[in-house]
Amino acid sequence: MAGYIATNNLGASFGGVQAIENITFEIPANKVTAIIGPSGCGKSTFLRCLTRMHELVPGARISGEVVWDGKNIYASEMDATEVRRGIGMVFQKPNPFPLMSVADNVSAGLRLAAGRMSKARIAEIVERSLKLAALWDEVRNKLHKPGGSLSGGQQQRLCIARALAVQPDVILMDEPCSALDPASTQKIEDTIDKLKKSYTFVIVTHNMQQAARVSDFSGFMLSQEMGEPGRMIEYGPTNKIFTTPERKETENYITGRFG
Amino acid sequence: MRRRLGDSIFAFVVFLAAFAVIALMALMVYELLRQSLPSIEQFGARFLISREWDPVNNVYGALPYIYGTIVSSLLALLMAVPLSLGIAIFLSQFAPRWLRSPLGLLVDLLAAIPSVVYGLWGIFVLAPFLGKTIEPFLADHLGSIPVFRGPVYGVGLFAASVVLAIMITPTISAISREAMLNVSRDQKEAAQALGATPWETVRMSVLPLARPGIIGAVILGLGRALGETMAVTMLIGNVRQLNASIFAPAYSIASVIANEFAEVTEGPHMAALVEMALILLFITLLLNLLARLLVQRTGNRAARLKGRPFAKNRP
Ligand SMILES: Nc1ncnc2c1ncn2[C@@H]1O[C@H](COP(=O)(O)OP(=O)(O)OP(=O)(O)O)[C@@H](O)[C@H]1O
Ligand SMILES: [Mg+2]
């Protein structure tokens, strides 16, 4: 099934230091899966492993497998660029192309993809993606302005629009609303809700209410001690994780009694 | 209170340093103008377009030298810029980590070799090689274009340009590499996460952000080429002529100053040489300005040609 991802004993390290370890996890298709956990437990690292971004860090290593649509994305015959095209990612820190115009930022992925698209078609996708990212009204008059001239929260939504524009199979979002006001956050959540019929979402969030609101499944990550690699402590349907978690650590974290 | 005082002292020192640069420049232009005044008054604009250079009858014209200087430098840029960008992109993006530092160091060392060494190597190795292989090849296959027509000597405008290109390549590639290394991983990941190949990542993220540094590098390289004296003097042939063929010997401003300066101390000949120095200064400034404009213009055009779906002033 497209969109379905399973990790099998996934581990990742930076220059010999293990950051995550032993993660066996399932991400159901056409659902929203939230990853929660304290800072530094390896949520971003885990997310980056799902679309072959981790290997781009010098000295980084990966073990285990990530199966997407029936294939291990780390198998030697898999093309990393194909994987990244199919599994899109919005980073924790907004990274629009600062000199490229707002419109070109959104269409950047389209212009990479093989085959030429008509300008009208591109314009249409740009508009739709910006609307989905709740940014259209704010930038419709400055589509030719450089992406770097937007505010921090606008840049975050620009990156969401850029990831949506290429219509990947799976969309990974690393704290997509960290810089957004409540109204924009609401709109992004609505978009996720609307799009999950056709996409699979994985979002990392520090906002428990958000995780409870938007996700169908949740995974709780934790590194037991300082310097220990992060592990997936517990995962399951969101309402179960948030009401009757099996592990004490999960309950403590969710109720804010962590640490 | 103390910090205030420190700040104002610092501000004053920095201002002084900046002012010194301007003062130095002004003083230099003033001196050059003053000493070349006799020549400027006597020949006027004719100095720039005349081919004569006759110390016996005291008639001077700079055109062949200006031509040699500009053409050799531009030819050198034409060869050095693509090569340097290739080196910089490889060193900053593609080279395995263990290869980066030694290769980078080697490039930096090339920049430190004295030009007389390049000149000697040019005369004994490069010029004979060019004269036996590349030049005849170009003349045979592209001879219908006047630029590649005519007898080949080895020594000449082309040989000087090649040596200049080799000399400025380390400078341009080292500075461009620095600029490319400064592009953050975040920025590259933005392209990579969209499925960009390594080359597409360079085009989409690295080159646009490194562009100011690359422009600076090219301008520095151009400056070095325009002013280079020793290696050019040894290779350009030192023949005062205007020949469409790049294989023909030529002459450059810096070379004629170096060759004739020792023979004269005053008089019209001296004034003419000083005016040449003034012209070289202006050519350098002018070409720098043009290079800046050109790169900016082509950059914008390239962005437009990519077929952006939104016109500039769409409401
Ligand atoms: N580029 C890197 N080089 C070395 N170590 C890193 C790097 N990035 C992350 N780490 C380490 O890996 C561990 C997990 O980091 P990660 O960014 O995945 O945490 P996180 O759960 O996303 O935290 P946060 O909630 O603060 O974003 C941390 O201990 C961190 O120090
Ligand atoms: Mg993170």
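Reader: In what sense do strand S3 and strand S8 of chain A pair, and over how many bridges?
Author: First, a caution: this is a predicted model. Strand S3 (residues 32-36) and strand S8 (residues 200-204) of chain A pair in the parallel sense, over four bridges.

Reader: Which residue of S8(A) stands opposite Ile35(A)?
Author: Val204(A). Another pair across these strands is Val32(A) opposite Phe201(A).

Reader: What holds paired strands together?
Author: Strands of a sheet pair through backbone hydrogen bonds, either parallel or antiparallel.

Reader: Which strand pairs with S7(A), and in what sense?
Author: S8(A), in the parallel sense, over five bridges. There, Asp174(A) stands opposite Val204(A). Val204(A) also stands opposite Ile35(A).

Reader: And how many bridges join S3(A) to strand S9 of chain A?
Author: Four, and the two strands run parallel. S9 covers residues 217-222. The partner of Ile35(A) in S9(A) is Gly219(A).

Reader: What is the strand order of the open sheet of six strands?
Author: S6-S7-S8-S3-S9-S10, in chain A, with mixed pairing. S6 and strand S10 (231-237) stand at the edges. Each has a single partner strand, so one side of each is left without a neighbour in the sheet.

Reader: By how many degrees are neighbouring strands turned against each other?
Author: By 15 degrees on average, direction ignored.

Reader: Back to S3(A). How many of its residues are buried?
Author: Five of its five. Both faces are covered. Val32(A), Ala34(A) and Ile36(A) are on one side, with Thr33(A) and Ile35(A) on the other.

Reader: Is S8(A) largely enclosed or open?
Author: Five of the five residues of S8(A) are buried, so the strand is largely enclosed by the rest of the structure. One side has Thr200(A), Val202(A) and Val204(A). The other has Phe201(A) and Ile203(A).

Reader: Helices next. Which strands does helix H6 of chain A lie across?
Author: H6 (residues 152-165) lies across S6 and strand S7 (170-174) of chain A. The helix runs at about 175 degrees to S6(A).

Reader: What span should helix H7 of chain A have?
Author: H7 has 14 residues, 182-195. At 1.5 Å a residue, they should span 20 Å. The end C-alpha atoms are 20 Å apart, which agrees.

Reader: Which residues of H7(A) are buried?
Author: Ser184(A), Thr185(A), Ile188(A), Glu189(A), Thr191(A), Ile192(A) and Leu195(A). Down the axis of H7(A), they fall within an arc of 155 degrees, so they line one face of the helix.

Reader: What covers the buried residues of H7(A)?
Author: The cover includes S3, S7 and S8, along with helix H4 (119-132), H6 and helix H8 (208-214), of chain A.

Reader: What exposed residues sit on the face of H7(A) turned away from its buried side?
Author: Pro182(A) and Lys194(A).

Reader: New topic. Which protein donors does the magnesium ion have?
Author: Ser44(A), through OG, and Gln92(A), through OE1. They lie 1.9 to 2.2 Å from the ion, which is ligand 2. Ser44(A) lies in helix H1 (residues 43-49), while Gln92(A) is in the loop between strand S6 (87-90) and helix H3 (102-112). So the pair ties together parts that are 48 residues apart in sequence.

Reader: What is the relative accessible area of Ser44(A)?
Author: It is 22%, so Ser44(A) is partly exposed. Gln92(A) is partly exposed too, at 37% relative accessibility.

Reader: What about the open sheet of four strands: what is its order?
Author: S2-S1-S4-S5 in chain A, with antiparallel pairing. The edge strands are S2 (17-27) and S5 (71-72), and each pairs on one side only.

Reader: How many bridges link S1(A) and S2(A)?
Author: Seven, in the antiparallel sense, with S1 at residues 5-14. One facing pair is Ser13(A) and Gln18(A).

Reader: Last one. Where is Phe220(A)?
Author: In strand S9 of chain A. Phe220(A) counts as buried, at 0% relative accessibility. Beyond neighbours within four places in sequence, its contacts include Ile36(A), Met232(A) and Tyr253(A).

Technical notes
Residues numbered from 1 in each chain as written. Chains lettered and ligands numbered in written order. Predicted model: local features only at pLDDT ≥ 70, side-chain atom pairs only at ≥ 80, totals over all residues. Heavy atoms only, no water. Donors = N, O, S within 2.8 Å, 3.2 Å for Na, K, Ca; no water. Buried < 20%, exposed > 50% of the residue type's maximum accessible area, 1.4 Å probe, protein only. Pairing = 2+ DSSP bridges. Axes fitted to C-alpha atoms, helices over the stretch in contact; angles between N-to-C directions. Contact = heavy atoms within 4.5 Å. Expected span 1.5 Å × (residues − 1). Arc of directions from axis to C-beta.
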